[in-house]
Amino acid sequence: YITGAGDEVPASLSQLGYEVVEIKAEEIEAALLKNFDVVVTGIRAYNIHEVLALKQPILLEYVRNGGNMIVQYNTTQQLKVKDNLAPYALQLSNDRVTDENAEVRFLDPDQAILNYPNKIIKADFEGWVQERGLYFPKTWAPEFVPVLSMNDKGESAKDGSLLTAKYGKGTYIYTGLSFFRELPAGVPGAYKLFVNM
């Protein structure tokens with residue numbers, strides 16, 4: 001877990017029984033990353049760590065070699081990594097869904113991320129707190145697969161809350177869903193989806 005602006009996601013994942021190792025952005029090296037099944041970036045990590053501009057190629061190479069990387073939300077302001085935030089083109093926006101009860105639609109219910117190891121159903125989006133998510137990507141390369149669609153009342157559908165892409169032997173996931181709020185709040189469906197990621 002590459003620490004970001006501070007959140008309780010590592011502690012929440014530890015409660016599930018995962019061995020979570022928190023590392024600083026400065027510590028990122030290929031030899032270190034080889035020890036991990038998954039690399040998760042904390043919220044706004046790409047907004048606060050200048051060094052990620054230098055470390056991003058190492059992270060993407062980790063994915064290409066078979067790693068799984070989960071990038072949590074970043075704001076559009078003061079983004080330290082712009083050209084290669086993801087292995088393919090990805091443009092962040094200010095899109096968000098502030099209604100925590102907004103309908104969530106599955107764009108392709110057969111996607112693995114919605115079925116393994118947990119079957120994700122509509123009820124898993126009940127009981128969310130404060131919001132659905134924020135700073136969703138607005139445009140992305142065709143290599144990305146959007147998973148969910150949602151929107152606040154009267155607004156257009158936002159399909160960028162959870163994007164997955166195969167890259168080499170690995171998987172890159174970008175999500176603006178507010179796991180940093182839902183996991184500490186004990187929302188079961190958020191835990192199920194994060195485990196699937």
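Which residues does E22 touch, not counting residues up to four places away in sequence?

**Entry 1: E22.** I am working with a predicted model. I looked up E22 and left out residues up to four places away in sequence. E22 touches Y1, T3 and P10. I then checked where E22 sits. Its place is in the loop between α1 (9-15) and α2 (30-33). I also took the distance from E22 to V38. These two are 16 residues apart in sequence, and their C-alpha atoms are 12 Å apart in space.

Entry 2: The bridge partner of V38 is N68, in β2. I looked at how the two strands run. β1 pairs with β2 (residues 68-72) in the parallel sense, over 4 bridges. I noted a general point here. Strands of a sheet pair through backbone hydrogen bonds, either parallel or antiparallel.

Next I traced the whole sheet. It is open and has 5 strands, in the order β1-β2-β9-β8-β6, with mixed pairing.

**Entry 3: helix α4.** I looked for what lies across the strands. Helix α4 lies across β1, β2, β8 (162-167) and β9 (170-175). It runs at about 125 degrees to β9.

**Entry 4: salt bridges.** How many salt bridges does the count come to? I found 8. One of them joins the side chains of E29 and K55, at 2.8 Å from N to O. This pair links distant parts of the chain, 26 residues apart. E29 is in the loop between α1 and α2, and K55 is in helix α4 (residues 52-64).

Is K55 buried or exposed? K55 counts as buried, because its relative accessibility is 10% and the cut-off for buried is under 20%. E29 has a relative accessible area of 40%, so I put it down as partly exposed.

**Entry 5: two other pairs.** R105 forms a salt bridge with E103, and the closest N and O atoms are 3.6 Å apart. R105 is partly exposed at 24% relative accessible area. E103 is partly exposed too, at 49%. I followed this pair further. E103, R105 and K122 are linked in a network of salt bridges.

The side chains of K158 and E155 also meet in a salt bridge, at 3.7 Å from N to O. I checked both partners. K158 is buried, with a relative accessible area of 9%. E155 counts as partly exposed, at 40%.

Technical notes
Residues numbered from 1 in each chain as written. Predicted model: local features only at pLDDT ≥ 70, side-chain atom pairs only at ≥ 80, totals over all residues. Heavy atoms only, no water. Contact = heavy atoms within 4.5 Å. Salt bridge = Lys/Arg side-chain N within 4 Å of Asp/Glu carboxyl O. Buried < 20%, exposed > 50% of the residue type's maximum accessible area, 1.4 Å probe, protein only. Pairing = 2+ DSSP bridges. Axes fitted to C-alpha atoms, helices over the stretch in contact; angles between N-to-C directions.
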